[in-house]
Amino acid sequence: MRDRTFISFDWALKRLLRDKANFDVLEGFLSTLLNTEVVIQELLESESNKSNKDAKQNRVDLLAKNSKGELLLIEVQGETEFAYFQRILFGTSRLVTEYIDSGQNYENVKKVYSINIVYFDLGQGKDYVYHGKTEFRGIHLDDVLKLSPFQQQKFGVDEVYQLYPEYYILKVNDFNRWSRTPLDQWLYFLANSELPEDADAPGLKAAREKMRVAQMSKDEHAAYRRYLDDRVILQDQIITARGEGRLEGRAEGRAEGRAEGRAEGRLEGRAEGRAEEKQETARKMLALGFDTAIIAQTTGLDHHQIEQLQQVK
């Protein structure tokens with residue numbers, strides 16, 4: 001692994017950017033992406049309290065409230081998740097319902113921005129930044145439903161979609177094109193953890209000053225190195241597990257004619273080995289803070305098995 005000059009953005013979200021003194025980095029990124037000035041008022045709790053033991057957790061890397069009272073949910077996802085579209089829907093839905101008090105009028109529903117930085121090939125598409133918003137379009141005349149002048153004045157927005165959650169998906173995997181476009185500069189930094197000297201997008205100057213690995217304390221640097229090493233090991237384990245699964249499937253197909261006793265012995269041995277590998281992968285993912293649902297999807301372990309690992313880790 002090559003040494004990085006700058007701290008990776010996912011680590012910074014968990015540690016560095018939670019400090020109010022470093023909000024200028026985060027504000028620069030958000031202002032560039034949303035194409036409007038963003039001033040962060042405060043950071044909020046980034047994991048929703050569960051009402052019961054079976055309720056889904058809303059785990060995010062960072063949840064902020066801006067000066068307009070809007071909620072900005074930021075999550076970095078490094079591993080493939082086939083239901084990620086539903087996951088971001090769940091995240092915004094929980095925020096919409098949790099940040100309005102019982103008895104309040106619906107006009108107090110918070111505006112939510114869901115910003116998702118993904119390092120895997122999500123869906124099918126040629127672009128690398130996608131924006132999703134809600135519109136009501138006529139099925140006969142193809143016109144877009146508008147707010148009345150009174151509603152515009154009351155809510156302080158011009159369009160219906162501005163009342164609803166908006167989604168941004170940044171597909172930064174393998175992004176390696178430097179340009180003078182501010183958003184592309186940010187994408188390059190997110191993908192490579194590097195900043196050319198001519199980087200001038202909002203927030204990147206502050207990032208250059210505050211996110212250098214060399215500025216970390218000895219303990220912080222050791223923790224950061226462990227984090228990077230664990231992510232590489234975890235990725236290798238997932239790739240290896242998938243590859244071995246395919247090879248085993250082909251091998252089992254070729255060996256169908258062999259003696260049943262030997263086949264059963266091999267299957268039992270492989271099953272035990274796979275179970276141990278799954279448990280080890282789950283332990284690594286728990287240490288890195290992955291959501292139980294993602295661990296279950298990746299390893300094939302059920303929620304009860306993962307909870308048992310949490311208790312003994």
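The model is predicted, so local features are reported at pLDDT of at least 70 and side-chain atom pairs only at pLDDT 80 or more, while totals for chains, interfaces and linings use all residues. Residues are numbered from 1 along each chain as its sequence is written, and side-chain values use heavy atoms, with hydrogens and water left out.

The secondary structure comes to 10 helices and 6 strands; helices (H or I, at least four residues) and strands (E, at least two) are DSSP runs, numbered from the N terminus. Of the 313 residues in the protein, 40% are buried, where buried means under 20% relative accessible area, exposed over 50% and partly exposed in between (1.4 Å probe, protein chains only). Among contacts with a separation of 6 or more, 63% join residues 24 or more positions apart; a contact means heavy atoms within 4.5 Å.

The sheet comes next. Strands of a sheet pair through backbone hydrogen bonds, either parallel or antiparallel. Here, 6 strands form an open sheet in the order β1-β2-β3-β4-β6-β5, and the pairing is mixed; two strands count as paired if DSSP finds at least two bridges between them. At the edges stand β1 (40–43) and β5, each of which pairs on one side only. From one strand to the next, the twist averages 20°. Strand β2 (residues 62–66) and β1 pair in the antiparallel sense over 3 bridges, and Ile40 stands opposite Asn66 in β2. Helix α3 packs on the sheet, touching β2, β3 (71–77), β4 and β6 (166–171), and its direction makes about 150° with that of β4. For such angles, axes are lines fitted to C-alpha atoms, for helices over the stretch in contact, and the angles run from 0 to 180 degrees between N-to-C directions.

Helix α2 (residues 23–34) deserves a look of its own. Its 12 residues reach 16 Å from the first C-alpha to the last, close to the 16 Å expected at 1.5 Å a residue; the expected span is 1.5 Å times one less than the number of residues. Because 11 of the 12 residues of α2 are buried, this helix is largely enclosed by the rest of the structure. The buried residues include Phe23, Glu27 and Phe29. After α2 comes Asn35, whose phi is positive, near 60°.

Finally, the aromatic rings. A search of the whole structure finds 9 aromatic pairs. Rings of Phe, Tyr and Trp (its six-membered ring) pair if their centres lie within 6.5 Å; planes under 30 degrees apart count as stacked, over 60 as edge-to-face and the rest as tilted. Phe6 and Phe189 form an edge-to-face pair, 6.2 Å centre to centre with 85° between the planes. This pair links distant parts of the chain, 183 residues apart: Phe6 lies in the segment before α1 (9–14) and Phe189 in helix α5 (residues 182–192). Phe6 is buried at 2% relative accessible area, and Phe189 is buried at 2% relative accessibility. Tyr84 and Phe120 are likewise edge-to-face, 6.0 Å centre to centre with 85° between the planes. Tyr84 lies in helix α3 (residues 84–98) and Phe120 in the loop between β4 (112–118) and β5 (129–132), so this pair ties together parts that are 36 residues apart in sequence. Ring pairs also link Phe6, Phe9, Phe29, Trp186 and Phe189 into a cluster.
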